[in-house]
Each structure stands twice: as structure tokens, then as C-alpha cells.
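I opened this notebook to keep track of what I looked up in one structure, entry by entry. The sequence and the model come first.

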Amino acid sequence: MQQKRIALTHQKIARYRKDWHYKIAHWLVNNYDFIACEDLNIKGLARTKLAKSILDVAWGNFLTKLEAVAVKRGVWFVKVSPHGTTVNCSNCGHKVPKTLSVRLHECPQCNLKMDRDENAAVNIIKKGWQIHGVGLIPSACGGFVSGQPVKQETSEKEYVQLSLF
Ligand SMILES: [Zn+2]
């Protein structure tokens, strides 16, 4: 009985997750022309005995779905090496080592201050851009578009950042 309940709960979580993954993937593809993500060693991470591994597997599954949706809809999807994305300053490239507990990126070189994950996200999109983007220009409303940048007064971010979920 207990086992059945657990199994059912897991199935429910799996279904919910799958549905949500597709919703997020479609939302991203509808709103962005260019999607870059870190090419993490999902299988390697999943072998660790940390509870986090479940999240890493979920993240890997999500990226697989996202890639499939992006390819189908003709949106650029690129995986980049995670090397240096957290450490490097997204503005000037200066190396700013930080432990996991340090949530803020503070660059002594150019004085850039931003959330560490946002800094990493900007590095990821820049790397993706280098790999993929001949003639791609960051758009005002998100992602990258080819052609001239849209001049638009907006407080919206040029990118959206996703974390493990
Ligand atoms: Zn800097």
C-alpha cells in the first residue's frame, strides 16, 4: 500500500514535470530567437549520491525536450562549455573566483556587480553567440535576432535565466 502510494506519487510528479517542461520549452521558443545553455555532464552528475542528482537528471531531460522543441520551430539552440561561466566577469572577462556561498559577482577590474547566476547566464549567452552567431545582435526584448538591434525603451532583461528545478 505504502509502496503503491509512493509509486503513484512519483508518477504524478513525473507527469507534472513533463507537462511543465514542455510548457517552459514552448514559452522560451515563442519568446526567444536564440537559446544557449551549459553543456553539463548530466550523466556524470547523476552518478553522485547527492539529492541534487535528481534535479540534474530533470534538468537534462528538460534540455533534451527544449532542444527538440527549438529545432522543430527553427530557433537556435546551442550548448556551451560550462568552463569559466561562473568565474569570468561577463563584462570584462576578468577572473573572479568565488565559492558557492558567494552569491554576488563583484569585479575588481570593471566594478560590475550582479547576481552570480546572472553573470553566468550572460557568459553562457555570449559563448553561445560566439559559437553560433555570425551577424547576431542582442535584441532589446530577449534572445538574439539577426539584423539591426531593435531600439526600444525597456527595462526588460535581454535574456532569461533558468535554474535547476
Ligand atoms: Zn569585470
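**Entry 1, ground rules.** I am working with a predicted model, in which local features need pLDDT of at least 70, side-chain atom pairs count only at pLDDT 80 or more, and totals for chains, interfaces and linings use all residues. I number residues from 1 along each chain as its sequence is written.

I looked up pLDDT, the predictor's confidence in each residue, from 0 to 100, and found that the chain averages 75, with 68% of the residues scoring at least 70. Confidence is highest in strand 3 (residues 104-106), at a mean of 96, and lowest in strand 6 (residues 144-146), at 43. Over residues 137-157 the pLDDT is below 50, although this stretch has 37 contacts in the model beyond near neighbours in sequence; I count a contact when the C-beta atoms of two residues, placed from the backbone, lie within 7 Å.

I counted four helices and six strands in the chain, taking both as DSSP runs numbered from the N terminus (helices H or I, at least four residues; strands E, at least two). Read along the sequence, these elements follow the pattern α-β-α-α-β-β-β-α-β-β. Among contacts between residues at least 6 apart in sequence, 50% join residues at least 24 apart.

I call a residue buried if 20 or more other C-beta atoms lie within 10 Å of its own, exposed if 12 or fewer, and partly exposed in between, with C-beta atoms placed from the backbone. By that rule, buried residues make up 22% of the 165 residues in the chain.

**Entry 5, a strand pair.** How many bridges join strand 1 to strand 2? I found five, and the two strands run parallel; strands pair if DSSP finds at least two bridges between them. In this pairing cysteine 37 stands opposite lysine 79 of strand 2, and glutamate 38 stands opposite valine 80. Strand 1 has both faces covered, with Phe34, Ala36 and Glu38 buried on one side and Ile35 and Cys37 buried on the other. Strand 2 is mostly covered as well, four of its five residues being buried.

Of its 22 residues, Ile35, Ala36, Leu66, Ala70, Phe77 and Ile124 touch the most other members. Helix 1 (2-31), strand 1 (34-38), helix 3, strand 2 (76-80) and helix 4 (116-132) each supply at least two residues, and helix 3 gives the most, with six. Leaving out residues up to four places away in sequence, alanine 36 touches Val78, Val80, Ile124, Ile125, Lys127 and Gly128.

Alanine 68 is in helix 3 (residues 52-73), and I note it as partly exposed because 13 other C-beta atoms lie within 10 Å. Its C-alpha atom is separated by 9.1 Å from that of alanine 25, 43 residues apart along the chain. Asparagine 111 lies in the loop between strand 3 and strand 4 (113-115), and its phi is near 65°, a positive value in a residue other than glycine. Why does asparagine 111 count as exposed? It has 10 C-beta neighbours inside 10 Å, so it counts as exposed.

Technical notes
A nonpolar core is a set of buried Ala, Val, Leu, Ile, Met, Phe, Trp, Tyr and Cys residues joined through C-beta atoms within 7 Å.
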